Each structure stands twice: as C-alpha cells, then as structure tokens.
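Please walk me through this structure, beginning with the chain as a whole and ending with a single residue.

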Amino acid sequence: MMTPVLLTDVADGVLTITLNRADAHNALSPELLCRLVDTLDAFEANADLQVAILTGAGTQAFCSGGDLGKTLPLFSGARLPADSWDQRLLDDPRVRSVAPLREEPLSKPVIAAVNGVCVAAGAEILLGTDIRIATPQAMFGWPEVKHGLIPFAGTLARLPRQVSWCQAMHLLLTGEMINAKTALQLGLINEVVEPEQLLERAGKIAARIAANGPLAVKEIKRVARAAMDEPLSAGYVLEDDSYKTIMASADAQEGPRAFMEKRKPVFRGR
C-alpha cells in the first residue's frame, strides 16, 4: 500500500494535520495540495472541531515548498497532467487559495508546529496560520527570487503586514534564509521549543483555545482579520456589531453563569 501523503488525528476538538512526505521534505505535490484543501474544508464544516494544528512529518522539514518535479512544472506548462490530482490542481482555483489559507481564511484558529525547513510555499502557508511554534532547527525563507520566480500564494501581500516593510523586503528581494531565533525577533513566530516539546506545546495551546467559547473564538479571529484592512473607526464598528452577536448568544450566558457557580462552562456554540 502507498503511504498516505497527509495524516489526520482528532482529539478533544483538536485536529492535527501532518504533511506526510518526509522523504521529500514534505514538498507539496498535487495530491497533497488537493488533500489538504479537502481536509481544511472538512475541518471548517465540522462543528465538533475547534482548532487545527498543522505540522510536517519527520524531523527535517515542516514544508519545503512546491514539489519541483511535480507541481511547479504543471503551473509553468512544462509538464502535462498525468492523473486526476494534476488535473484538479489546474482546474480548481480553490486549491491555490484554500491550501495557503489565502482568499478563504478559516473561521477557526490554526496553529503551525514548525519542525524544520519552512520555505517557499511552505512559508506561504505559515503566513495563513494564527499561532506559530518552532524548533531551534527551523529555517524560514522565500527563495523564489533566486530562481527568477515570485511567491504567488499570498506572501507579497501578507508578509509586509506581519513584519516591518524593510524586513519583508530584505527577505523577499534577497531570498535569504533566517533561523528560528531571527524569526522570533521579527515576530514571525510566537516561540521556540525543543523538538520533543513541539507537538506537546502546540497541543496545550490548542486545548486552551478549544476549551473557550467557540462563537467567541471565531468572532475574535474574524473581526481582527477584517479590521486589519480598515481604518480604526471602521474596526470599532466591526467590533460593536460582533459584540451584539456574541451577547445575544446562549454561550454568553453560560460563561458567566459557570464562573459564578465555580464549574467548567458547557458551551454549545450558539
């Protein structure tokens, strides 16, 4: 039997997604991209799942980018489709938007557990996640310019909003790689932990989020993302509208009641 290119595990409202091509540094083949999109769609639609953790198999790489032998030649026209995965990658525009968490951002939080090399398309996916934990061995970069290419899955729009303009331009125009320490200093990641602690730490953060009110979690992410593109006054309007929605929910009544009764709240997501 062929080894599956993507693995999933569910526990206590948390979905762990593992890019499972360790022998290829978890490079994004057409099949892996399509399966990732299907997994993210299912995650978004499942009310029992609150948080996702995204990581890579093995100890060498989170994701080394698009598969240079399979994926990029399809985009450039140097290779014709050989199977249904290839054809879907070319025909379905959602694959290029959902996989890097771009035009259709998930309403639920995604935690990146970066266990090694995170470059090119892998680093583009990183920019679509909400919380990022990395090991000291992790390396980050967008080296496309060295090959006469550009990042095309959201980095040119997102990176200058997540680090300073001059830092983003340095990384993009030189294609230089940075280590986990530098990524932490730039604010690109949240923290650095030892490899044996990576998934445990990501799991603890995910569990804390999953224990919170799901409606509130979704609204916090939605409003914060939307407000980034608006003047401050418009952001306040978005927040006020969200406040009305949340305060009208059953969860908003359950949370304070549980606190006063000294018990764990039972949120229903409504």
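This is a predicted model: local features need pLDDT of at least 70, side-chain atom pairs count only at pLDDT 80 or more; totals for chains, interfaces and linings use all residues.

**From the whole chain to one residue**

The protein chain holds twelve helices and ten strands. Its radius of gyration is 19 Å, close to the 18 Å that the globule rule gives for 270 residues, so the chain is as compact as a globular protein of that length. Along its principal axes, the C-alpha trace spans about 60 × 50 × 40 Å. The accessible surface comes to about 14,100 Å², and 58% of that area belongs to carbon and sulfur atoms, while 44% of the 270 residues count as buried.

Among the strands, six form an open sheet with mixed pairing, in the order β1-β2-β3-β5-β7-β10. The edges are taken by β1 (6-11) and β10 (191-192), and because each of these has a single partner strand, one side of each is left without a neighbour in the sheet. The partner of β1 is strand β2 (residues 14-19), and the two pair in the antiparallel sense over six bridges; Ala-11, for its part, stands opposite Val-14 in β2.

The largest nonpolar core has 48 residues, of which Val-114, Phe-140, Leu-159 and Leu-188 touch the most other members. The largest share of this core, seven residues, comes from α1. Apart from it lies another core, of 14 residues, including Ile-111, Ile-133, Ala-206 and Val-217. To return to Leu-188, its contacts beyond the neighbours within four places in sequence include Phe-140 and Leu-159, together with Leu-126, Leu-127, Trp-142, Val-163, Ile-178 and Ala-183, and also Arg-132.

A polar atom of the Gln-50 side chain lies 2.9 Å from the backbone oxygen of Ala-47. When residues up to four places away in sequence are not counted, Gln-50 touches Gly-13, Phe-43, Lys-108, Pro-109, Ala-210 and Pro-214. Leu-74, by contrast, is 24 residues from Gln-50 along the chain, and the C-alpha atoms of the two are separated by 35 Å.

Terms used:
Residues are numbered from 1 along each chain as its sequence is written. Side-chain values use heavy atoms; hydrogens and water are left out. Contact means heavy atoms within 4.5 Å. A polar contact is a pair of N or O atoms within 3.5 Å; within protein, one must be able to donate a hydrogen and the other to accept it, and residues adjacent in sequence count only if both atoms are side-chain atoms. A nonpolar core is a set of buried Ala, Val, Leu, Ile, Met, Phe, Trp, Tyr and Cys residues joined through side-chain atoms within 4.5 Å. Buried means under 20% relative accessible area, exposed over 50%, partly exposed in between (1.4 Å probe, protein chains only). Helices (H or I, at least four residues) and strands (E, at least two) are DSSP runs, numbered from the N terminus. The radius of gyration is taken over C-alpha atoms; the globule rule is 2.2 Å times the number of residues to the power 0.38. Accessible areas come from the Shrake-Rupley method with a 1.4 Å probe; for residues, only the protein chains shown count as cover. Two strands pair if DSSP finds at least two bridges between them.
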